[in-house]
2 protein chains.
Amino acid sequence: MQDAKEIGRSPMPSVDKALRAVMELAEAGVDGLALADLADRLSVNRSSLHATLRALRHRHFVDQDRATGHYVLGSSLLAAANLYYRNFDLRGALRPVLVRLAAELNEVFHLAILDGTDLLYLEKVESRRPIQPGTSIGHRLPALTTALGRAIVAATCRDIEDFRARFAGHLEPRTAAAPRTLDEEWVEIERAQRLGHARDVEHNIEGLTAVAVALRLNGSPAAAVSIVTLTPDFQASGEEYFANLLRERLAASLPAQLELETPRGEI
Amino acid sequence: MQDAKEIGRSPMPSVDKALRAVMELAEAGVDGLALADLADRLSVNRSSLHATLRALRHRHFVDQDRATGHYVLGSSLLAAANLYYRNFDLRGALRPVLVRLAAELNEVFHLAILDGTDLLYLEKVESRRPIQPGTSIGHRLPALTTALGRAIVAATCRDIEDFRARFAGHLEPRTAAAPRTLDEEWVEIERAQRLGHARDVEHNIEGLTAVAVALRLNGSPAAAVSIVTLTPDFQASGEEYFANLLRERLAASLPAQLELETPRGEI
DNA sequence: ATGGTCGTTCGGCAATGTACAACAGGTCCC
DNA sequence: GGGACCTGTTGTACATTGCCGAACGACCAT
C-alpha cells in the first residue's frame, strides 16, 4: 500500500519549504534569486522564507552574494553530493568514454540508472548542436517510453507478466508517437531484448531519436547509455549504425566491473 | 556586527535537523544509516527524526534502501549540486590538468577558493600513496595555516593592517608547528607574497607538507592549487622544486580566463 | 516462547513557525 | 531633494506544528 507513490501531500511544511527553496535556487543557477523573487515562486511570505533561508545559511546549504544580496546554493550541497558514491562510481567510470564519443561524433550521450519505476539521469554529455534534449543530471523521469528505460527494463524483465506487474499504471506517454498501452510498450521492450539495444523514435521528445544499450554491473543489469540524434540523421544512417557504434565503442573502453548486455536473439 | 560569524545557535530546529541528517548521511556514504543509528548520532528521538526523514524522502533528498531499510542520500542532491555552476567552471577547467599531474607525480593535488575567511575545497585528486590528507570536496576549513589559504590571502591582502582586520580571531592552529599569533602567520603570508607561492610545513596535518600557488580569474585572485607531499620527500627535493613544478605545469595548460599569481619580489 | 532489536504510528502538550506590519537601506524618477 | 517605490530584515501575537513518550507489528536471535 505505502509502496504506492506516496502521493500524500507535504509532511513537515517547514522542511519541505526549505527543500523547495533549494531546488528552486538550483534551477536559478549561478546568479541566484532575490528573496522576494524566491518567495513569489514558492508562494510563501517573505518573512517566513527569510527565517528558512537563515537556517539554510547556517549550515551553508545556501549562501548570500555579498554584492547583490541574492541567495545562491551553498557549498554543503557540493560536499554532500560528492559522497553520493553509489552512482559516482558509474559516473566516474563512464564519463571519459562519453566525453570522447561526444567530441568525435557531435551528438548527445546520456547515462542513466533505474530507480524503482523512474529513470535517473547520472550523466549528460552535450554536443555542439543547437537542438538539445532538455534533460539534466539528476533529472528523474518515468522510465517507459525512453530508450534508456527500455534498455534496462528489457534486461531485467523476464516476460510480459513480470513487466505488467512492475509497470501497471506507470505508462505516461509524452508524445503523440509514444505507445499508449502496456501491450504496445511491451512490443518495444521485447524488440530490445532480441536486438540487444532499445530505441525511442520521437516517443519522448518530438524530433529526437535515441538508441540505448544496457550495462551490467557485476553481472546484474544496472544502467544504460544512450546516443541522441535528430530523427532525420537517425533515418539516414540507420538504427544498426548507431547501435553498433555504441556497442563497439563502449566495449573497447569499459572498466572491469561493467559489461554490455547481450542480445537474446530468440525470434 | 552581523558580519561576525553568526554564532547564534540553530534557527529553525526542524530545518536544521533535516540538514544535519543530510550531512550525516553524506558522511555515511553508499551504505547509508539505519534510523536508530542516525538518531543516536544526531542526538534526537527516533520518532521525530522519522517525520523529518519522511519530508526529505518526499523530495528525494534521501532515499530508503528497499532491502535493508537504511537511509541513503537521494537524487535531488545530485541534481541540485550539479547546478552549483559558480565553482563548477573552475573545477571543470582545472580538473584535467590536476588529474594528469597526479598520475605522473603520484601526489595529491587540491583546488580551493576563499569564501569569507574559510577555505572551500573544490577538487581533490588523489594519489596511490597510503597516506592521504583527510580533505574532501566541499570541505570547509579556516583559511589560515593552510598553504592554499595563505596563497590566496597573500594575493589579496595589501599590508598587515588589512590582514589583521580581516582575520582577527580567525587563527585556529591545528598542529604544534602552526603559528599561534597573527604576527607569526603574517610572516608566512609575506613570504608567500615575495616568492609567489605559499607553503605549509606540517602546519595543518602532521607529517604532510603542501605548496600552493594562487590563480587569478579575470584578473582578480580567486583560487589556489596545491601539491601535498610527505615532509621527508619535501625536504629531499626542496621547496623550489615543487613550486616551480606547479607553476610550470599549470602555466602550460591554463585556460584563457586564468593566470598564475606572480611573485612581488620586493626586498 | 521470549527478549531484543528494528521501523513505524498515534495523541496531547508546548514549543515553534507563520503572517501581518513596521523598520532601515537602497535606487530610481520625476 | 524628496517622494515613491524597491529591497532585506526585524518584532510580535496567534495557532499551527513539530516534539516526545509510549505502544504497535515485524523481524531475528537466542
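Reader: Which domains does the domain assignment give for chain A, and which residues and elements surround DNA strand D?

Author: This is a predicted model, in which local features need pLDDT of at least 70 and side-chain atom pairs count only at pLDDT 80 or more, while totals for chains, interfaces and linings use all residues. Residues are numbered from 1 along each chain as its sequence is written, chains are lettered from A and ligands numbered from 1 in the order in which they are written, and side-chain values use heavy atoms, with hydrogens and water left out.

Chain A is assigned domain 1 (13-81) and domain 2 (85-260), the bounds coming from an automatic or database domain assignment. The C-alpha centres of these two domains of chain A are 34 Å apart.

DNA strand D is surrounded by 16 residues, and the closest are Pro13(A), Leu35(A), His50(A), Tyr71(A) and Asn45(B); a residue is near the strand if one of its heavy atoms lies within 4 Å of it. Of the atoms of DNA strand D that come within 4 Å of the protein, 81% belong to sugar and phosphate.

A polar side-chain atom of Tyr71(A) is 2.4 Å from a phosphate oxygen of DNA strand D, an N or O atom in the side chain of Asn45(B) is 2.6 Å from one, and for a polar side-chain atom of Gln64(A) the distance is 3.3 Å. The elements giving two or more residues to the surface are α1 (13-28), α2 (35-42) and α3 (46-58) of chain A, with α1 (13-28) and α3 (46-58) of chain B; helices here are DSSP runs of H or I with at least four residues. The most is given by α3(A), with 3 residues.

Methods
A polar contact is a pair of N or O atoms within 3.5 Å; within protein, one must be able to donate a hydrogen and the other to accept it, and residues adjacent in sequence count only if both atoms are side-chain atoms.
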